[in-house]
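Reader: Hi! Could you walk me through this structure in plain words?

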Amino acid sequence: MDFLKKLFQSKPRVQKVDIGRRFELYGRVGQGSMSKVWKARDSKLGKIVALKVLDIDKTNRLEARFKGLKKPTEGEIAITLKHPHIVKTFEHGVTTKNEAYLVMEFVEGVALSFLISAQNDVMKKHCLRMTIELGEAINYFHRQNWIHRDICPRNILLDENHRIKLIDFGLVVPNTPHFQAPGNRTGTANYMAPELIRRQRTDQRIDIFSYAVTCFEMFAGQLPWESGQTLESILSHLNSPPADLKTYCPDLDDRIVQAVMKGLALQTNDRWQRISEMIEVLRSVHQEQSAKDPANS
Ligand SMILES: Nc1ncnc2c1ncn2[C@@H]1O[C@H](COP(=O)(O)OP(=O)(O)OP(=O)(O)O)[C@@H](O)[C@H]1O
């Protein structure tokens, strides 16, 4: 009887995928810290895809932090996400070498970090629209009750039409009390909210902070605080107020400046409480500007 119970309780067997047989690998497109990503032709789906194969040891170390909490895997989360500004995941599973893999739409374009350092015409012309698209992606994500925990320009791609695609769900956790409890610092140092660096309780407002740092950088080409090498140095300058966006961008609409600066509030209660409130401000300015100058949207 017990044997039968166990048999039916066990997870269904997963068909493991032989990467070499199924995919023609064209070349590595990115060196993530947790994975390898290739541009590849998928013989099963019959198209070009991005294939992400996760490092076993690093993934196990990360998942060990959440032992007993039933945290969904990156693949399980990614496959549920359906939004025009979030990269599409077609499939996830395990390779014959026991590595977790994701098959995604291939985004032909550049990372936002590249455009920020270039500060070229595309960036200047479409900056507001891009901040709104990114905000909408995060808003969707929050409505699905997740915390991303690594919003930063490295994890945002722009496709060939300069449309935002949010990638990388490796650090995502559910927005529930267990996962909000004080714990490890994860994410990208210069974009981390003070409460995360201080190992206090965290919630979706850490993504709002990281989003505001990203928006500041998109408009100004600079971070709101001096870039730090260590979390301790970042924490020490987080005790001082951020630079004023207006000083870098004197012509930027005041409502945008105020919206971004409120997202950077060091105290969670002074920050936007929901990302939808922040993007509403950006969207109304954008609508006004597009009505005046349709070419600049
Ligand atoms: N769908 C995609 N289309 C095109 N390029 C992609 C795609 N997904 C990822 N990449 C490229 O691969 C790089 C690494 O991807 P990703 O950030 O998901 O990996 P990671 O190991 O979790 O990285 P890290 O933890 O260092 O941020 C990206 O910076 C990007 O250049």
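Author: Happy to. Let's start with Glu226, which sits in the loop between α9 (205-220) and α10 (231-237). Helices here are DSSP runs of H or I of at least four residues and strands are E runs of at least two, numbered from the N terminus. This is a predicted model, where local features need pLDDT of at least 70 and side-chain atom pairs count only at pLDDT 80 or more, while totals for chains, interfaces and linings use all residues. Residues are numbered from 1 along each chain as its sequence is written, and side-chain values use heavy atoms, with hydrogens and water left out.

Reader: Thanks! Is Glu226 buried or exposed?

Author: Glu226 is exposed, because its relative accessible area is 66%. The cut-offs are under 20% for buried and over 50% for exposed, with partly exposed in between (1.4 Å probe, protein chains only).

Reader: And which residues is Glu226 in contact with, leaving aside neighbours within four places in sequence?

Author: Asn190 and His237; contact means heavy atoms within 4.5 Å. The C-alpha atoms of Glu226 and Asn190 are 8.7 Å apart, although 36 residues separate the two in sequence.

Reader: What about Thr214, buried or exposed?

Author: Thr214 is buried, as its relative accessible area is 0%. Thr214 belongs to helix α9 and, not counting residues up to four places away in sequence, touches Leu112, Leu134, Ile151, Cys152, Pro153, Ile156 and Tyr191.

Reader: Switching topic: how is the protein chain divided into domains?

Author: There is domain 1 (2-105) and domain 2 (109-290), with bounds from an automatic or database domain assignment. The contact between them takes 19 residues from domain 1 and 22 residues from domain 2.

Reader: How much area is buried between domain 1 and domain 2?

Author: About 1,900 Å², and carbon and sulfur atoms give 68% of that. Buried area is the accessible area (1.4 Å probe) that two parts lose on being put together, summed over both. On the domain 1 side, Arg65, Ile77 and His85 lose the most area to domain 2, together 30% of what that side buries.

Reader: How many salt bridges cross that interface of domain 1 and domain 2?

Author: The rule finds 2 there, and a search of the whole structure finds 19. A salt bridge needs a side-chain nitrogen of Lys or Arg within 4 Å of a carboxyl oxygen of Asp or Glu.

Reader: Which residue does Lys52 form a salt bridge with?

Author: Its partner is Glu74, with the closest N and O atoms 2.8 Å apart. Lys52 lies in strand β3 (residues 47-54) and Glu74 in helix α4, so the pair ties together parts that are 22 residues apart in sequence. Lys52 counts as buried, at 9% relative accessibility, and Glu74 is buried at 9% as well.

Reader: Nice. And where do Glu133 and Arg129 lie?

Author: Both lie in helix α6 (residues 121-143), 4 residues apart, about one turn of the helix. Glu133 and Arg129 form a salt bridge with closest N and O atoms 3.0 Å apart, and both residues are buried.

Reader: Last one: which residues are linked in a network of salt bridges?

Author: Arg22, Asp42, Lys44 and Glu91. As a general point, side chains of opposite charge can pair when their charged atoms come close.
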